[in-house]
Amino acid sequence: MSDKNKNSITFLGTGTSTGVPMIGCKCSLCSSTDPKDKRLRSSAFIEYEGFKILIDCGPDFRQQALIHNITDLDAILLTHQHKDHTGGLDDVRALNYFKKEPTPIYCEKRVLESLKKEYSYVFEPNPYPGIPKFDIHLIEETPFSLKKEVIEEGKTITKRIEIIPIRVYHYKMPILAFRFGSLCYLTDCSEIPQDQMEKLKGLDIFTINCINRTHHISHFTLSQALEVIKEVGAKRSYLTHLSHQMADDENQIDGRYYALSKEVGKGVYVSYDGLKVTF
Ligand SMILES: [Zn+2]
Ligand SMILES: [Zn+2]
Ligand SMILES: [Zn+2]
């Protein structure tokens, strides 16, 4: 049973692969002094039924873990292998050190193949001392569960949660979104197959990527994201993975947090780094 309002999502990062501001850019959005316009690479921390779960572990993970005091994780779920979602995995060393255990990582086979290249030193037969330790769990698009032993009222019990993966496409790359009860975290998507829409029914919270206003080959634009949001019909929907191109200086369109928040309409929210929402 869902313990209402005990579950939460914290947006650790809400920016696209370059982050916002982008190095060297002088546009109106990159120049904004509002902290809500400073976006680290996209990642989320989910607290669900007593489990602590990280979705994606990008290059800003160390900074995000320090800001939010994330010292212990039951699982890291990877949506796909792009560097802005996996580039921080070396820093699980700190978690390994204190927990004295490898960190459980849940991903698809194609993501694992990429990790084996990017983090070849982790997978060597006789690894160098002090390298990060991954405990890999392969997943597919069928529901999977997380388990752990906890002590409640002096008794050891096994707690278990179910996570529902949703198959979506990032241009031609098949990737995963994840559903935990009434929350679905979806990012880096440009197409949701019609047969997967069924899995998005009855949501309280839906997060969706939105990169710019005009066109993108592998991400939803603002108008596309708003269309999907309407179709999904969640109570609250949050835009994430935003780029500095939400501002269009040439056409004098303000893309800063406050302006964009007014533009998106009822039930739709612009996420920002550090935003925590309960469900
Ligand atoms: Zn990305
Ligand atoms: Zn810019
Ligand atoms: Zn990507």
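**Aromatic rings**

Mentor: Let us begin with phenylalanine 180, which has a relative accessibility of 0% and therefore counts as buried; that word denotes under 20% relative accessible area, while exposed denotes over 50% and partly exposed the range in between, with a 1.4 Å probe and protein chains only. Tyrosine 48 is likewise buried, its relative accessible area being 9%. Please note that the model is predicted, that local features need pLDDT of at least 70 and side-chain atom pairs pLDDT 80 or more, and that totals for chains, interfaces and linings use all residues. Residues are numbered from 1 along each chain as its sequence is written, chains are lettered from A and ligands numbered from 1 in the order in which they are written, and side-chain values use heavy atoms, without hydrogens and water.

The structure contains 12 aromatic pairs. Tyrosine 48 and phenylalanine 180 make an edge-to-face pair, because their ring centres are 5.9 Å apart and their planes stand at 65°. Rings of Phe, Tyr and Trp (its six-membered ring) pair if their centres lie within 6.5 Å, and planes under 30 degrees apart count as stacked, over 60 as edge-to-face and the rest as tilted. Since tyrosine 48 belongs to strand E2 (residues 43–48) and phenylalanine 180 to strand E9 (residues 173–180), the pair ties together parts that are 132 residues apart in sequence. Helices (H or I, at least four residues) and strands (E, at least two) are DSSP runs, numbered from the N terminus.

Tyrosine 106 and phenylalanine 144 form a stacked pair, because their ring centres lie 5.5 Å apart with the planes at 15°. This pair also links distant parts of the chain, with tyrosine 106 in strand E5 (residues 103–107) and phenylalanine 144 in strand E7 (residues 144–152), 38 residues apart. Both partners are buried: tyrosine 106 has a relative accessible area of 9%, and phenylalanine 144 a relative accessibility of 11%.

Elsewhere, Tyr119, Tyr121, Phe123 and Phe134 are gathered into one aromatic cluster.

Charged side chains also meet rings. The charged end of lysine 36 is placed over the ring of tyrosine 272, 4.7 Å from the ring centre; a charge sits over a ring if NZ of Lys or CZ of Arg is within 6 Å of the ring centre and within 35 degrees of the ring normal. Lysine 148 has its charged end over the ring of phenylalanine 51, at 5.0 Å from the centre of that ring.
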